[in-house]
Amino acid sequence: MLKRYKWTWILLALIVVMAGFLIYTGTGIGKSKFPVLGQVEDFSLENVDGKTVTRDDTKGKVRLFYFFYTSCPDVCPVTTFLLSQTQKQLIKDGTFAKDAEFVSISFDPKVDTREKIKEFGDKFYVDYNGWYFLRGDDKKIREVAEKSFKIGIMGDNKDNFAHSNVIALVDRDNQVRKLYNANDTDNVTAESLAKDVEELVKQ
């Protein structure tokens with residue numbers, strides 16, 4: 001019987017395998033929630049405490065990256081507030097500073113002195129033990145933003161700046177794992193950001 005219908009059984013087996021594969025991929029089962037999207041370019045920037053911080057100084061922890069400028073009239077303060085609420089969530093579960101950090105990078109170094117950035121961060125009750133606020137060469141910063149996170153920054157002063165309002169999730173090995181449109185306030189919340197950070201910490 002088996003010999004007589006060998007090809008029929010093989011065909012049926014192939015159909016079952018293919019159907020299973022389509023279900024497996026179509027439902028998202030087996031897909032990584034955090035695919036590798038790229039690699040963070042190396043950088044060397046100044047922190048609010050005056051110390052130099054490089055990309056690899058932050059390596060080993062899961063990070064949220066954000067590009068901003070302190071005189072931003074709209075999205076930067078709102079998104080920094082969102083990150084401060086995420087900080088609260090991560091402090092509660094003991095993840096912040098221990099396994100996760102934030103990296104906010106100003107692309108307006110002419111205006112954004114260390115003192116001005118510190119004043120900006122203080123408004124949002126930033127815990128500087130786990131949150132870098134960096135500044136430095138604007139050309140290098142734009143290069144890192146574009147090459148690492150596909151974030152476009154245009155203009156040369158606060159009156160004509162235009163930039164993508166994106167938060168980036170980066171793993172312990174400097175790999176970009178997710179990009180969030182921070183303007184999508186219905187889906188990008190402190191709770192959802194904290195949850196993703198916590199999940200990636202466990203991987």
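Visitor: Which residues does Cys72 touch, not counting residues up to four places away in sequence?

Guide: A contact is read as heavy atoms within 4.5 Å. In this predicted model, Cys72 touches Pro77 and His163 once residues up to four places away in sequence are set aside.

Visitor: Where is Cys72 placed, and is Cys72 buried or exposed?

Guide: Buried means under 20% relative accessible area. Cys72 has a relative accessible area of 6%, and is therefore buried. Its place is in the loop between β4 (62-68) and α2 (75-92).

Visitor: What does UniProt list for "binding site"?

Guide: The unreviewed UniProt entry lists Cys72, Cys76 and His163 under that heading. These residues are spread over 92 residues of sequence, yet they cluster in space, with a largest C-alpha distance of 10.4 Å.

Visitor: Where is His163 found, and with which residues is His163 in contact?

Guide: His163 belongs to strand β8 (residues 162-163). Apart from neighbours within four places in sequence, its contacts include Cys72 and Cys76, and among the others are Tyr66, Phe67, Tyr69 and Phe107.

Visitor: How many residues of β5 are buried, and which lie on each side?

Guide: In β5, 7 of its 7 residues are buried. Ala100, Phe102, Ser104 and Ser106 lie on one side, while Glu101, Val103 and Ile105 lie on the other, and both faces are covered.

Visitor: In what sense do β4 and β5 pair, and over how many bridges?

Guide: β4 and β5 pair in the parallel sense over 7 bridges. Within this pairing, Phe67 has Ile105 of β5 as its bridge partner. The chain passes from β4 through α2 to β5 in a right-handed β-α-β crossover.

Visitor: How many bridges join β5 to β6, and which residue in β6 is the bridge partner of Ser104?

Guide: Strand β6 (residues 131-135) runs parallel to β5 and is joined to it by 4 bridges. The partner of Ser104 in β6 is Phe133. The β-α-β crossover from β5 through α3 to β6 is right-handed.

Technical notes
Residues numbered from 1 in each chain as written. Predicted model: local features only at pLDDT ≥ 70, side-chain atom pairs only at ≥ 80, totals over all residues. Heavy atoms only, no water. UniProt positions renumbered as here; feature names shortened; annotations may be inferred. Helix = DSSP H or I, 4+ residues; strand = E, 2+ residues; numbered from the N terminus. Buried < 20%, exposed > 50% of the residue type's maximum accessible area, 1.4 Å probe, protein only. Pairing = 2+ DSSP bridges. Right-handed = clockwise from strand over helix to strand, strands pointing away.
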